[in-house]
Amino acid sequence: MSIPFLVSAEVTSPVLAINEDAATAKITVQALRGNVSVLMGSGGNIGVLSEPEGKLLVDAGIAVSKPRLKAALDGISPLPPKFLINTHWHWDHTDGNEWVHGEGATIIAHENVLKRLMDRTRVIEWGYTFPPVAPGAMPTVTYTKQKTIKFADETVVLTNHGSGHSDGDTIVYFKKADVLQLGDIFWNGHYPFIDYGAGGSIDGMIRLANVGLKQGTENTIIIPGHGPVGDRTQLREYRDMLVAIRRNISTLKKQGKSLAEIVAQKPTAKFDAKYGDYVIDPAFFILLVYTGV
């Protein structure tokens, strides 16, 4: 898909910004429910299920954070990781794959994640090319639509509902704990990136946010790809934001306005204070939505 050039704003690659942050950021641990916790500070949020058999991780963060991530994981339990699930292929969720695998974890992902990680991948919007990952960083167990992992007395359900943020998004549900991890389908309090080059779209993001709203219970704890742990109310507000901005930009584009003209009209203004202060700023997000409408 052709990506229009945003002439009215300078876009800084999220790769550089997130790597810089991960190199120094403190890793924080938040206990959620049951034996599920979340680690924050190394790119994408990392879900951790700790059981007597070991640990199950959802995403692996960025490799430069390894010493602090390992210390945080050891603080939860000294037992090694047994499983690592990747919610999608992006480096801020998979860059730690190799060292986590080296600790003993079997890497599990949607089949399209393996395809992406095996290839040299250019993300046009980021101005960045990712080389193939090392063999030890590749998933060795893949699935297509759904996979269930029984780990001690917890049931972990992995599902793919088609393309959204990318073409390999996995929604992870810890059934007993009633904790849902959505990866980059949900950026709580931030505008999200949409990977058009890997099959993502604004319409897919909205659709998968709706899928997330239908899962779990009214008390489900929701781990986003980025941002603080949330709930159904915050996911609903995020979905409504995506719908409103898509509508605003689509209307202006159908009127024949250029990307620069649309940026100047600030179709995201109502939401910028809440969602526009992270690596995807309002102008960048307008570009992403404009591409898909």
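Guide: Happy to. Let's begin with a salt bridge, meaning a side-chain nitrogen of Lys or Arg within 4 Å of a carboxyl oxygen of Asp or Glu. Here the side chains of lysine 176 and aspartate 153 meet in one, at 2.5 Å from N to O. The pair links distant parts of the chain, 23 residues apart: lysine 176 sits in the loop between S12 and S13, and aspartate 153 in the loop between strand S10 (146-151) and S11.

Visitor: What should I know about the model and the labels before going on?

Guide: This is a predicted model, where local features need pLDDT of at least 70 and side-chain atom pairs count only at pLDDT 80 or more, while totals for chains, interfaces and linings use all residues. Residues are numbered from 1 along each chain as its sequence is written, and side-chain values use heavy atoms, with hydrogens and water left out. As for the labels, helices (H or I, at least four residues) and strands (E, at least two) are DSSP runs, numbered from the N terminus.

Visitor: Is lysine 176 buried or exposed?

Guide: Buried means under 20% relative accessible area, exposed means over 50%, and partly exposed is in between (1.4 Å probe, protein chains only). Lysine 176 has 56%, so it counts as exposed.

Visitor: How many salt bridges does a search of the whole structure find?

Guide: Eight. Another of them joins aspartate 167 and arginine 116, at 2.5 Å from N to O. Those two are 51 residues apart, with aspartate 167 in the loop between S11 and S12 and arginine 116 in helix H5 (residues 111-118). Aspartate 167 has a relative accessible area of 16%, so it is buried, while arginine 116 is partly exposed at 23%.

Visitor: And which residue does arginine 232 meet in a salt bridge?

Guide: That's glutamate 218, at 3.6 Å from N to O. Arginine 232 lies in helix H7 (residues 232-254) and glutamate 218 in the loop between helix H6 (202-214) and strand S14 (221-223), so the pair ties together parts 14 residues apart in sequence. Arginine 232 is buried at 11%, whereas glutamate 218 is exposed at 63%.

Visitor: Now the strands. How do I read a sheet?

Guide: Strands of a sheet pair through backbone hydrogen bonds, either parallel or antiparallel. Two strands count as paired if DSSP finds at least two bridges between them. In this model, five strands form an open sheet in the order S10-S11-S12-S13-S14, with mixed pairing. S10 and S14 are the edge strands, each pairing on one side only.

Visitor: What does S12 pair with?

Guide: On one hand, four bridges join it to S11 (residues 154-159), running antiparallel, and isoleucine 171 in S12 is the bridge partner of threonine 159. On the other, S12 and S13 (residues 179-181) pair antiparallel over three bridges. Phenylalanine 174 stands opposite valine 179, and tyrosine 173 has leucine 180 as its bridge partner. S12 and S13 form a hairpin with four residues between them, and aspartate 178 in that turn has a positive phi of about 60°.

Visitor: Which way do the side chains of S12 point?

Guide: Ile171 and Tyr173 point one way from S12 (residues 171-174), Val172 and Phe174 the other way, and all are buried.
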